[in-house]
Structures are given as C-alpha cells and as structure tokens.
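Me: I've got a structure open and I keep asking myself what the labels on it really rest on. Can we go through them one by one?

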Amino acid sequence: MSEQRPTAPAPETSKDGVWQIALGELDEKMGVKIIEESVEKVVATMPVEGNRQSFGLLHGGASLAVGEAVGSWAAVKHASTMGKSAVGVDVSATHHKGAREGIITITATPISLGRRMASHQVVIENEAGQRLCTMRITNLIIDVKK
C-alpha cells in the first residue's frame, strides 16, 4: 500500500515566484490586515472589537486563529520558494495578558525553515507593545496539487 501525502492547491505567486497572501473568509470576518510579508517575517493586525469573548476580553480562540493564519502564511511563503505549499501540523500557545480594545499586531518569524518542515514563532502584541500571546506553529512542506 502506498503512502498518501496531502496536497494543496497551487498558491498565487508574484513575479519572483513567492506566494502572495490572500485573506480567507475567517480572516476577513475577523478584520485581519496584512502589514508586511516576506519569507523572513509576516506581520498582520486585527481589531480586538468583534473578536471578544463574553467577558469583554480578546477571545483566546481568535488569538489562536489569527496566529495560526499568520504562521501558516509565513510557512507557505517559504515553501513557495521551492514550488511547494505548506499545511499546519502543530500549534501551541501561551496567553500572557488580556486585551479589551485596540488593535493587536501579529508577527511570525522563522525558527527553522527546512525542505520538509517549517517552524515559526508567532508573537501577538497590543498597541503598547506588550506581549499578549506567544505561539509556535509547525507546518509540513507539501507538493502543490496540479
């Protein structure tokens, strides 16, 4: 029996062949905006308003959703330099501080960029630069579905 590997649809690329971030439905509903994108760093913002839980704080699930998106985008940017894509296989997070208002900034930077796996640190900060959440995401580098 042969091993089946996941495949991903071909990502949209720029003239230099590096994938360009395209927001998904959830990203749009959450109010995510891309600030910077490169293989070395992906930065996005998101409003706290509209992403709060019933106690008025930024929802931990919203932090995880946006952090996983930004970390995965960073991995796909790396994978696209090899003509490949990426899918998340592991994510972990530590919440350090809450937020009730304002705009949060989400920054993904590489820990390890390999041919088969990519790991990124994702830091979520408030407008004062205080760390709200630290995440680590690992993505599997996969072939692009043709």
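Me: What makes the confidence in this protein chain what it is, in terms of pLDDT?
Reply: This is a predicted model, and the protein chain averages a pLDDT of 92, with 89% of the residues at 70 or above. The scale goes from 0 to 100.

Me: Where does pLDDT stay under 50?
Reply: Over residues 1-5, and there the model has zero contacts beyond four places in sequence.

Me: How many of the 146 residues count as buried?
Reply: Buried residues come to 39% of them. As for the surface, the protein chain exposes about 8,400 Å², and carbon and sulfur atoms supply 49% of that.

Me: Why is the pair Lys 77 and Glu 37 called a salt bridge?
Reply: The cut-off is a side-chain nitrogen of Lys or Arg within 4 Å of a carboxyl oxygen of Asp or Glu. Lys 77 and Glu 37 have N to O at 2.9 Å, so the pair qualifies. Lys 77 sits in helix α2 (residues 60-80) and Glu 37 in strand β2 (residues 33-37), so the contact ties together parts 40 residues apart in sequence.

Me: How many salt bridges does a search of the whole structure find?
Reply: Three. Another of them joins the side chains of Lys 84 and Asp 143, N to O at 2.4 Å. Lys 84 belongs to strand β4 (residues 84-95) and Asp 143 to strand β7 (residues 131-145), 59 residues apart. Lys 84 has a relative accessible area of 24% and Asp 143 has 46%, so each of these counts as partly exposed.

Me: How do you know that Asp 90 forms a salt bridge with Arg 136?
Reply: Their closest N and O atoms are 2.6 Å apart, and the limit is 4 Å, so the pair passes. This pair also links distant parts of the chain, with Asp 90 in strand β4 and Arg 136 in strand β7, 46 residues apart. Asp 90 is partly exposed at 33%, and Arg 136 is partly exposed at 37%.

Me: What makes β4 and β7 a pair of strands?
Reply: Two strands pair if DSSP finds at least two bridges between them. β4 and β7 have 11, in the antiparallel sense, so they pass that test. One example is Val 91, whose bridge partner in β7 is Ile 137.

Me: How many bridges join strand β6 to β7?
Reply: Nine bridges join strand β6 (residues 117-125) to β7, and the two run antiparallel. His 120 has Ile 137 as its bridge partner in β7. β6 and β7 form a hairpin with five residues between them, and Gly 129 in the turn has a positive phi of about 80 degrees.

Definitions and conventions
Residues numbered from 1 in each chain as written. Heavy atoms only, no water. pLDDT = per-residue confidence, 0-100. Contact = heavy atoms within 4.5 Å. Buried < 20%, exposed > 50% of the residue type's maximum accessible area, 1.4 Å probe, protein only. Areas by Shrake-Rupley, 256 points an atom, 1.4 Å probe, with all protein chains shown as cover. Helix = DSSP H or I, 4+ residues; strand = E, 2+ residues; numbered from the N terminus.
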